[in-house]
Amino acid sequence: MHSTHTGAAVVAVVVVALVVRRQLRTRRVRRIASLITPAALGVLGTLALAFGIASVLKHHPLTTLPVVLLVASLAVAAGFGAARARTVRVWHGPEGDVLRKGTAATTGLWLASVSAHGALGLWIDHAAGAGMLGTASLYAYLAIGLGTQNLLVRARATAVPPA
């Protein structure tokens, strides 16, 4: 089981690093493309949650507390996504495209968000008593946080006056 947690942690670090790195690049705000990554993470999140639930059910029934903590964790993801959206710079580029770029505050909020998920994930796993539900919820957490952020950045982009 220890190697499973270690492998999951390595994959999680790589995924989070790629997401944060992408946030710090200047890129166009796109209507549909901004939802592709959250949608892909959502699919992975759904599969991972199914795995996490199965890992608990293998030992005993799933109780209410881990489910409540999981829902709270996903609400925290949305809250961090909303906060990060406010820190992303949005402006019109020289060719008229609306551009976006994360700031140091965006990075700080990503780090805080991942730390919050780590703590909540451990709490979920402890409350579940067995399995990896909290650990497995990372992709759903990222999907909701990034999806919320991107939707709010897109909304801000429509309100940016032309240069």
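Leu 41 touches Val 15, Tyr 139, Ala 140, Leu 142, Ala 143 and Leu 146, leaving aside residues up to four places away in sequence; contact here means heavy atoms within 4.5 Å. The model is a predicted one, in which local features need pLDDT of at least 70 and side-chain atom pairs count only at pLDDT 80 or more, while totals for chains, interfaces and linings use all residues. Residues are numbered from 1 along each chain as its sequence is written, and side-chain values use heavy atoms, with hydrogens and water left out.

Leu 41 belongs to the largest nonpolar core, which has 14 residues; Val 15, Val 19, Leu 41, Trp 110, Tyr 139, Leu 142 and Leu 146 touch the most other members. A nonpolar core is a set of buried Ala, Val, Leu, Ile, Met, Phe, Trp, Tyr and Cys residues joined through side-chain atoms within 4.5 Å. Buried means under 20% relative accessible area, exposed over 50%, and partly exposed in between, with a 1.4 Å probe and protein chains only. At least two residues of this core come from each of helix H1 (2-23), helix H2 (36-57) and helix H6 (138-159). A second, separate core of 13 residues includes Leu 49, Val 56, Leu 74 and Tyr 141. In soluble globular proteins, nonpolar side chains tend to be buried together.

The protein chain has 6 helices and 3 strands, and from the N terminus on its elements run α-β-α-α-β-β-α-α-α. Helices (H or I, at least four residues) and strands (E, at least two) are DSSP runs, numbered from the N terminus. Of the 163 residues of the protein chain, 41% count as buried. Among contacts between residues at least 6 apart in sequence, 81% join residues at least 24 apart.

The 3 strands form an open sheet in the order E1-E3-E2, with antiparallel pairing; two strands pair if DSSP finds at least two bridges between them. Strand E1 (27-28) and strand E2 (89-92) are the edge strands, each pairing on one side only. E1 is joined to strand E3 (residues 98-101) by 2 bridges, and Arg 27 has Arg 100 as its bridge partner in E3. E2 is joined to E3 by 4 bridges, with Lys 101 of E3 the bridge partner of Arg 89. The hairpin of E2 and E3 has 5 residues between the strands, and Gly 96 in this hairpin takes a positive phi near 90°. H6 lies across E2 and E3, running at about 140° to E3; axes are lines fitted to C-alpha atoms, for helices over the stretch in contact, and angles run from 0 to 180 degrees between N-to-C directions.

Helix H4 (residues 104-128) has 25 residues and should span 36 Å at 1.5 Å a residue, which agrees with its end C-alpha atoms being 36 Å apart. The expected span is 1.5 Å times one less than the number of residues. At the start of H4, a side-chain oxygen of Thr 103 reaches to within 3.3 Å of the backbone nitrogen of Ala 105. The buried residues of H4 include Trp 110, His 117, Leu 120 and Ile 124. Gly 129, which follows H4, has a positive phi near 85°.

Ser 137 lies in the loop between helix H5 (133-136) and H6. Ser 137 is buried, with a relative accessible area of 0%. Leaving aside residues up to four places away in sequence, Ser 137 touches Leu 49, Leu 70 and His 117.

Conventions
A polar contact is a pair of N or O atoms within 3.5 Å; within protein, one must be able to donate a hydrogen and the other to accept it, and residues adjacent in sequence count only if both atoms are side-chain atoms.
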